[in-house]
Every structure is written in C-alpha cells, then in structure tokens.
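Dear colleague,

I am handing over the structure below, followed by some notes on what was found in it. Please read them with the model open beside you.

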Amino acid sequence: MVSKIPLLSVDADDNVQLKGNTNFKILINGKPSGLTARSPKDALRSIQASNVLKVEVITMPSAKYESEGVGGIINIITKKPANGYNGLVGIFHNNLYADGAWINLGLKQGKFGMFGYADRYITNSPATSFANSRTSTEPQPFQQIQRGASDKTGNVFFYNTEFTYEVDSLNLLTASIGYNSEDSRQSGEQNFQFFNAQGIEGTTYLLQNNSTNDFNALDWGANYQKGFKNNKDRLLTASYKYVETVFDGTVDNRFTGGNLSDMLQRNESGTREQTLQLDYFHPFKKLTVEGGLKYITRNNYSNLEASGQSQNNNFRYIQNVLGFYNSYQLKLKNWGIKAGVRVERTDVDANFIATGDFASNYTNIIPSFSFQRKFNISSITWGYTQRIERPGIGQLNPFINKNNPLNYNYGNPDLKAALSHSFEISYNRFKKANALLSLSYAFANNTIQNVVFLRPDSISVTTFNNIGKYDNFGINFNYKYPVTKKFNVSVSGNVKYLSFEGNSASTSFKHDGIQGFLGSNYSYNFKKDWRASSSLNFASPFIKVQGETSGYISHSLNLSKEMFNKKGTLGLNFKNPFLKYRNVVNEVSSPLFTQRNDNRNYTRGFLFYYIYRFGKLKESIRKSKRGVNNDDVKKESSSDGN
C-alpha cells in the first residue's frame, strides 16, 4: 500500500520515507505501539492491508502532538466492527519474506465492542551476497576487500485487541492490549583480503558468523472520554499507556587464518515507557479550543555479555518529559487559521558503568501555526512548526556490535536532542482529478545523523552524532485521475535538495546533492469481479551525510478475483518480474578513506494470498476521539492483501 499513498515512498531496501525523509513517527489508531518500536519497514510488514481502513499522513503536526517526529506522522487507522460480528481469515505466501496466516474478529453487542487481529508468519528470506571494500590513506595506505553471503530465517507473531464500553451517551471507556514477538537467525561466511600500497596481498582469513535477534513488545492502555450535555462535541479525555520493548541479540564469530580470536557477544536492551495524558476539546461556533497535559517517563537500559571482555558499557538512561499545549482553530467562510504553542520540560538521569553518572534538563517552547484559503474546488495552505528530535534506544545504546570485524556499530549515549524548523506551502485541488503540490523547507543545527569514521587500528565505526547544519528543500506532488469508471491512474513524486555540513570524530565534512522519486499506479476493474493494478517506480541515488546510496527502478503487477459473493478474495502479486537481483550500493567518502558496500539482493517476488470474510453487521462501533500520541523519539516510515 505504501507506494500508493501520497507523500510516501520506499528506497532500494524497502525502507519507508515520508517526503523523502526517514525520520517520522508511526501511530496505530492515534497511539504509539510496541510494534512501531522497530524499523518502519518491519513494522508495516506486520500489518495486513485488509486490517487497514485508511492512512493519515500529517506533515505539519499541530501543538496537540508531541514536539518530536521531525519528518511528520503516519497514523494507521484500522477497521472497526459494526453492530453484530464480522471477521476474516487469510493465508499468504511471499517468496521474498515469509509464509503465514492471520485472523480478524470484530464484535459489537449493545454497549460492548471488541476488535482484534492476530498474525503468525514463518520468515525465510532468500540468501543475499555482498562485496565490501575500503581504501585508506591513514594510519597507513592499504586496501581491504570483504566478500560473503548470508541467509536469514525466523518467526513473527503479532496480536492486538481493542475494547470499548459505552456507559451512556456521554461517557465512553476504551482499552487496548497488544503483543509482538519476533525472532531471527542469520548465518553467513565471509572472506577477507588485505593489500598494501603497492597492491601486494597480505593477510587473509575466513569468518563463519552466526547471529540471533529476538524482539518482544507489550503495550496496553486505557482511555476515559466524557462528553457534555450542552455540546456533545465538547470532550474531556484521560488516558494511560504502557509500552515495553526488549531486544536480545547474540553474535558468534569464528575465524580461520589471520590472528583474530573467536568472539561471542550478547546484548539485551530495551525501553519501558509510561504515559499519562489529559486532553480538553471545546468547539464554539467558529472557534475550536484545545488544551492538555502529558507526562512521559522512559527507562532505557542496555546489558552486555562478551567473551574475553568486561561489561564496561552497561547503562541506564531515564528520560522524563512533562508537556503542556494550547491550540486554537478559527473557521471562517473561506479561511481557516490554526495556531498553538507547546511547552515541554525534559529531565535526563543517566548511569554509565564506564564513565559514571550525569544529569541534564532543558525546556522548549514550540510554536506552530498554519493558514488555509479555500476556493471553489481547491485550497492553499501554508504553515510553520518547530520539532524536537530526541534520541531513542537504538541511537543511545553503547553496545559495540562486532558482527563485522572491519566495521563496528554502536550508539552514542552523549547524543543531545535536536531542534528543527519546518516551513511548508501546499496546493490541493479536489474534483474529478485530485492534485497535491507542496513546497517545503526545513533546517536544523544539530540533527542526529548516522556517521562513519576510521579508528587508529583501521577499523571503521558506524555510529550516531549530532552533526552541524542541515538544510532540506523539497517539492512534492501527487495526481490522481479516473480516466473511466473502471480505469484509474495516479502519479506521485518528490525532488529534494539536501545539504549537510559539520564535524564528526574531529573530521569536518560538507556534502550536498539532489535526489528524486517518481512513482505511478494504474488500476482497472474487469467484469466478473476481476481487478488488475500495476505500479512503476523510479528513485535517484539517495543523498547521505558522507556519501550516497544507489537508486532503483521497480515494477509490480497485481491480479485479484472476488469469489463466493465477495466473501472470498484470491490475489496474486508479481514484484519486479523482469529483474532477478538488485545491487544496492552504499558509498562513504572522507579525507582519510573511501568505503563501498555492494549488496546483491534477490528482488523478483511472488505473493499469493486468499481471504475469506464472515459475519453480519448493522451499525458502526463508537471509539474514543482522543488518546495517547507519543511521536517524539527518532526511529531506526484500504485494501485486502498483504
């Protein structure tokens, strides 16, 4: 679904982007979820399209949202049951990802309502191969080449249920519980070669690698919503949310040749987050007033076990955020005005076994405003907002992952929150043809970015730093047109100019460039409930702080057939039928070294799915209009099918 949604796209590795930006927040029904604690790519893979009612893309969040989530918010609204019961069961096979099944069940009887879904997959990704090389000038000139291949298997289970109870016409209770469990096993073999400045081969060795990654997430919450007799749209909502995520990974390296010792590492890291929130919503005739309080407490931790090493980088990182917001929306005949301010106080208390304790606190005043001018079949909107980017557990964790003995990965517990400024103006046209065109500009002075540097022992390190100046100029567009009643066409894309300038690991850098994306979708409804659709996407190379990632061209073809009075759907999807492999190249350059990672991924995909629906419905279920929305931590982005 992602490539069909305006302002969303994917890169060569299927990572989701919002207006070409990978820093955004995913919400499920307006609330954070343990499911979204992983990468957006993996999170969205665990959500069946048949569960989704609609997807909201918020590029200029108002003051009621947390001040974090620099790129914006993707809010996934799942389907709700009507009076009676309904559900579906489905099975699928995806040769690029997994085989599995899922079930949805909705029930509403009187004042009580429930909707739940559960998915179970067995993952078995095709083997991939890679070739990495690096040429260094210091501490001594040499070249190293690394070649290898790996395969990955695992299991995925996802469960979520929401409950509602209508006490009366003015009082509503809702609750939710979700659980996500994943495990993966990866094994591979790598060959290493080293050459001196004259090109003469020196050391060589072989690495047998086995790694495991287990992820578990639990979240539950409750909401109380109160209406008022004199105005049923006037609402007071009290909410509580608990989210716990745990990552447990091991790395087992066995070397043949050379002088490296075998290594076994294990790291357990996680976050426990609790949120209390109070919201008030009061609509008048032309003016709407909103206000609220929120308190978030996060307990991040990391524990290391490593053979032959002391546990010298265990840490605890407690972050407490107290926020208050007040916003106003004025609706006139042809004008709409929104303005608000959010005040947040952040307290950090950290304990590092190796370096000791430290504490810090800061207060941010975050304004936002927007203006909209409505015309007969179009509108123009322009606005401004500030956003905060706080580091998450993936960026803070100091655990040194030595899965690749030539390139270590770890987080940076010294990261600071970054403040960005965003401006946007957009034009919307809505009639037979829907069109969207927007211009945006964002800048920050200490944004969190992924950087690579070279250690004195010639090992490259990938970590996170607060870099210097960052600028992002962008043009986004989307156009949908129903050519006939049966044939629809849509085109979307973006063009961005990115500029990075700053210092990292005592090295100055400056890099800029232009990147773009163009996607098109076509759909046709045939007789006898057959439907066909196709997509064609093109992306230029992606600009990074120190280099680029290669672009791509992708194509897909979808066929589906409604069966048994539309109770059943049989679907087939062919992904890149004319391209068996895709080479994804990541290049990094600095004054001291150049590095190239060339990954060969299997990209010719085939998806088969079958869905069967059951149940009888009468009326829609009622749900809370307010809830917990935590969109402040940086992340590592309606139809049937998968």
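The charged end of K226 lies over the ring of F228, 5.7 Å from the ring's centre, where a charge sits over a ring if NZ of Lys or CZ of Arg is within 6 Å of the ring centre and within 35 degrees of the ring normal. R600 likewise has its charged end over the ring of Y581, 3.9 Å from the centre.

This is a predicted model, in which local features need pLDDT of at least 70 and side-chain atom pairs count only at pLDDT 80 or more, while totals for chains, interfaces and linings use all residues. Residues are numbered from 1 along each chain as its sequence is written, and side-chain values use heavy atoms, with hydrogens and water left out.

Rings of Phe, Tyr and Trp (its six-membered ring) pair if their centres lie within 6.5 Å, and planes under 30 degrees apart count as stacked, over 60 as edge-to-face and the rest as tilted; by this rule there are 28 aromatic pairs. The rings of Y441 and F473 are stacked, because their centres are 4.4 Å apart and their planes stand at 25°. Y441 is partly exposed at 24% relative accessibility, and F473 is also partly exposed, at 39% (buried means under 20% relative accessible area, exposed over 50%, partly exposed in between, with a 1.4 Å probe and protein chains only). Both residues belong to one aromatic cluster, whose members include W335, F369 and Y497.

With kind regards
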